[in-house]
Amino acid sequence: MTSLNLLALVSIGYVSLLFLVAFWADRQALRGRSARFMRSPLIYTLSLSIYCTAWTFYGAVGYAARSGLEYVTIYLGPTLVMIGWWWGLRKLVRVGRSQRISSIADLLSARYGKSNVLAIGVTLLAVIGVTPYISLQLQSITLSVAIFAEADPARSYNESGTVFWIATGLACFAILFGTRNLNANERHHGVVIAVALEAVVKLVALVAVGIFVVWGLAGGLPEVLARIDASPIGRWQVDGGRWVAITFLAAAAFVCLPRMFQVMVVENEDERHLRIAAWAFPTYLLLISIFVVPIAALGLELMPAGSNPDLFVLTLPLLQEQNGLAMLSFLGGFSSATSMVIVAAMSLSTMVSNHIVMPIWLRSTDAFGGASVSGDVRSVVLFARRFSIAAVMGLGYAYYQISGGGAALAAIGLISFSGIAQILPALVGGLFWRGATRAGALAGLFFGFSTWGYTLLLPEVAAGLFSPQTLTEGPFGLGWLRPQALFGVEGLDPIEHCVLWSMTLNVAAFCIVSVASFPSPMERLQGAQFVHVFDHSAGPGGWTGSVAQSEDLMIMSQRILGPEEAQAFFQAAVERQGGPGPLPEPTPGFLEQLERELSASIGAAAAHAMIGQIVSGAAVSVEDLLAVADESAQLLEYSSRLEAQSVELSRTARQLRETNQKLTQISEQKDAFLSQVSHELRTPMTSVRAFSEILRDNPSLADTDQHRYASIIHDEALRLTRLLNDLLDLSVLESGQVTLNVSRRSLSDVLDHAVASALAGADRALQVHRDHSREEVVLETDVDRLAQVFINLIANAQKYCTSDTPELHIEVTPSDQQITIDLRDNGAGVPEGFRDVIFEKFSRVTPERAGGAGLGLAICREIIRRLGGDICYLHGHSGAAFRVTLPIQSKIEEIR
Amino acid sequence: MIRSDGAGGRDELRTPFVERRTYRRRRLMDIARIAPLVGALLFMVPLLWPRQDLYPAPDVPSGTPMSSALVYIFAVWIGLVVFAVGFSYAVRRWAVHWTGLDASAEVAEVLLEPLPETPDTPPASVAAARDEEQA
């Protein structure tokens, strides 16, 4: 007989092996060097086998011994789900990967507009549903140990102590490998590899016992079939309702159980692994269940009456003194229990910490005004996960202690399944129906879950809560509310009854409320993303192969940071890591640094989305897009402010340029003016100097000559004076410092005075034609200045008119506001090319005949402008013609 | 209900007439949808079998023997597994867009078009930079 000590030794050795394997796998994954087989479909398929818990390993035989072939429905459901992988699981896995889903609660929350209420609901449901299941595993280990203890002569076995230490050990394992680090993908290579190893152990163990039973005990296949038919379970007798209901429940639980979701979706390396798993996993289930009936039948036949059929797998080899086989069988059961507990605790802790602990913690720190630093949050998340694992395990242990571990294993399993299956309508609806809304999902979950609790959980598990009277006559005597005969449907099996009502109410509430409610924009976006995931997400491939990732990261960084900076950054990372390759391994630390580096250039959200896209192959989620849009909006605002500033700057620059141009022009004009002035001054000065030198050097000059020379000097001096007067006048006019003496006088008088002054002392007669009747206009203006203008114009006509009999016509045309005075002579006029420049300073049409300096018309124009009028040359006349336009009421104030 | 099942190419035509290969693939996907239903129906067939009498005559076993049920259920099961193996290979043959390794390259094309101004590949340039440093 195997002693308890040997058993303990083997168990500890086995657990150490698991620790080593998990540690090794984690280490390899951390270095980014995970072996090829670690990412293979085989490992994926084996990890799926945590579906087969101790309930399968021990319970299936007990189930078969009690109810015949019905046990097989537990495996038919998942088989059917796997067969339909192409349109079911594949979509689920694709959604999970592209949305970076961390748990089933996260999936539903993401689908229904990131609703945390929904996530909390699913989490609570999962905890309530899975806790009995965990305690079931603890119970199975205890029972199996007890079998050995009974057989051990030197027994020193303490049941509750064993359970406590097993629970603690499993919690340690889950904490050590499930929360070692926070991975963006939520993948745990160590745990997965350990689970795969355990899957092999339990399959080998059960098949070994099966082969021993069929060929060792029964003596061959035909014999075993005959002995089955002769046994108490030798007839086909299943309840059709239960058969269908349990198949459905198993299928639903296969998808909805948190631990199944963890290994199937979250830990999935590559969507294409499903292609292999689609036939490999049904094969695994088939092998697991094919020997169950023979073992049950032989057990019923050979074991003493009253022995627990749940433990036939263990007791049959022991009965036959096959200690080695019994030990293997024990390890198989141990594996089934431990792998389930570890993964279940891990997945539940993810849900509890993500959806319950973290929101509370973040809210509380917000209340204290603490800023959430990323490193800070990481450690808090890790602590929350560890705490949650311990709590879940504690709950399982507590449940085991309270329930006393009496009920048949399979019953608890089915109750748990039907609770978890309540998630199915919201899940399937979320994946295939865009109209599914958050309110609908909540309503469905609420009705389904409460019906399950009322009709199955409370009557079966906490029977003390209901008095026998309530069960038989309904609460408060309401017969239609009897927990196990709702609405008068009697005679159904409790499971069947519960599935019927909970699923009906669940689906009905889900559909009706979904149709009646209106989804938020986020829900609608996410709904489209989920339902049409194959249109929205990238291909199925996982970004396996770390070198490819590093290269892609390098290319992306080069585009964002610039080639030199990116290469320097990667080079530094290589040196830090001390790796052999030219590129660094994409470790979490490196990725975090790179993300920070990139976020400086393109914003945190965009950087996170881009790195996530490359490393995990996940599509960019709506949340990411919103965050990126926020950042871009800020950038846009900033850049539009910059743009406005730059427009203003360029406007100012243009103004400055224009001003500068004007100043340069003015400066040039000034230079030109100065040179002309000096030229004009030099001409008379030259003759003055020359004639004064003659007078000084030739005292013997004749008197007539002396007189002539002196008068030339005098004339030139006069000319100089006149020129200087004109210049002074012009500068005063131009600078605007002129004071106008406004008075009222008739135009006729002004013209009379001008004609008289201009023609006084003229050497040749100029005939002036005037129409005095039209000149009787009273002007209010500076009369002297106006007269000066007319004198100048008349003198010009007198001076330059080329006609033999020079004539000047002065025509006055008064109107309401202004008066026009045209002065035309009958000469040749101003040549075409000079007409534009005659009003400029020092412009002379015929320099050889010049009497003046060419300032007359310039002065005229300045005066007339000062008086509020204008002067211009009239085209289209044979002689020179000038038009003076004047306002009748001089607006002196404005002029000044 | 299923607008695209992700098995086709990115810009595959949605016309009534497609090439033979695409047509085959789509019919394959139809089979994939029907298979679980057929499997479920086959698993339910034993429910119609005669059961044990409520008042069985002594020494005359009534109803279907357990062994036949066992053989039937596992035969159907094995049949489904064989179908799944076949389907798996059919997917590999027909749904190349889904199984092909170039799917990830497609993603890379979208996100990371190669830099036009740096013709050399990044690893080479890093190696070059490193060589220079060592020199």
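This is a predicted model: local features need pLDDT of at least 70, side-chain atom pairs count only at pLDDT 80 or more; totals for chains, interfaces and linings use all residues.
Which residues in α10(A) meet which residues in α2(B)?

**View 1. Helix α10 of chain A against helix α2 of chain B.** On the α10(A) side we have A:Leu225, A:Ile228 and A:Asp229, and they meet B:Met66, B:Ser67 and B:Leu70 in α2(B). Sort the residues of this contact by class and you get 4 nonpolar, 1 polar and 1 charged. The helices themselves cover residues 221-230 of chain A and residues 66-94 of chain B; their axes come within 8 Å and cross at roughly 125°. Angles from 65 to 115 degrees would count as roughly perpendicular and those over 145 as roughly antiparallel, so α10(A) and α2(B) end up as oblique to each other.

**View 2. Helices α5 and α12 of chain A.** Here α5 (residues 89-98) packs on α12 (residues 258-266) at an angle of about 80°, and the axes sit 9 Å apart. That makes α5(A) and α12(A) roughly perpendicular to each other. From α5(A) come A:Leu89, A:Leu92, A:Val93 and A:Gly96, which meet A:Phe261, A:Met264 and A:Val265 of α12(A). By class, this contact has 6 nonpolar residues, 1 polar one and no charged ones.

**View 3. The largest cavity.** The structure has 9 cavities of 30 Å³ or more, and this view goes to the largest, with a volume of about 110 Å³. Its lining takes in 15 residues, and nearest the centre lie A:Met38, A:Ile43, A:Val192, A:Glu267 and A:Glu269. Two helices of chain A, α2 (41-48) and α9 (189-218), each put at least two residues into the lining.

View 4. Taken over the chain, the mean pLDDT of chain A is 80, with 84% of its residues at 70 or more. What does the pLDDT do over residues 367-375 of chain A? It stays under 50 there, and the model gives this stretch 3 contacts beyond four places in sequence. Residues 892-896 of chain A are also below 50, and they have 7 contacts in the model beyond near neighbours in sequence.

Conventions. Residues are numbered from 1 along each chain as its sequence is written. Chains are lettered from A and ligands numbered from 1 in the order in which they are written. Side-chain values use heavy atoms; hydrogens and water are left out. Axes are lines fitted to C-alpha atoms, for helices over the stretch in contact, and angles run from 0 to 180 degrees between N-to-C directions. Helices (H or I, at least four residues) and strands (E, at least two) are DSSP runs, numbered from the N terminus. Angles under 35 degrees count as roughly parallel, over 145 as roughly antiparallel, 65 to 115 as roughly perpendicular and the rest as oblique. Contact means heavy atoms within 4.5 Å. Ala, Val, Leu, Ile, Met, Phe, Trp, Tyr, Cys and Pro count as nonpolar, Asp, Glu, Lys and Arg as charged, and the others, Gly among them, as polar. pLDDT is the predictor's confidence in each residue, from 0 to 100. On a 1 Å grid over the protein atoms alone, a cavity is a set of points where a 1.4 Å probe fits but cannot get out, and a pocket is an open set with protein on both sides within 12 Å along at least five of seven lines; lining residues have an atom within 4 Å of a point. Grid points are joined across faces, edges and corners, and a volume is the space filled by probe spheres set on the points.
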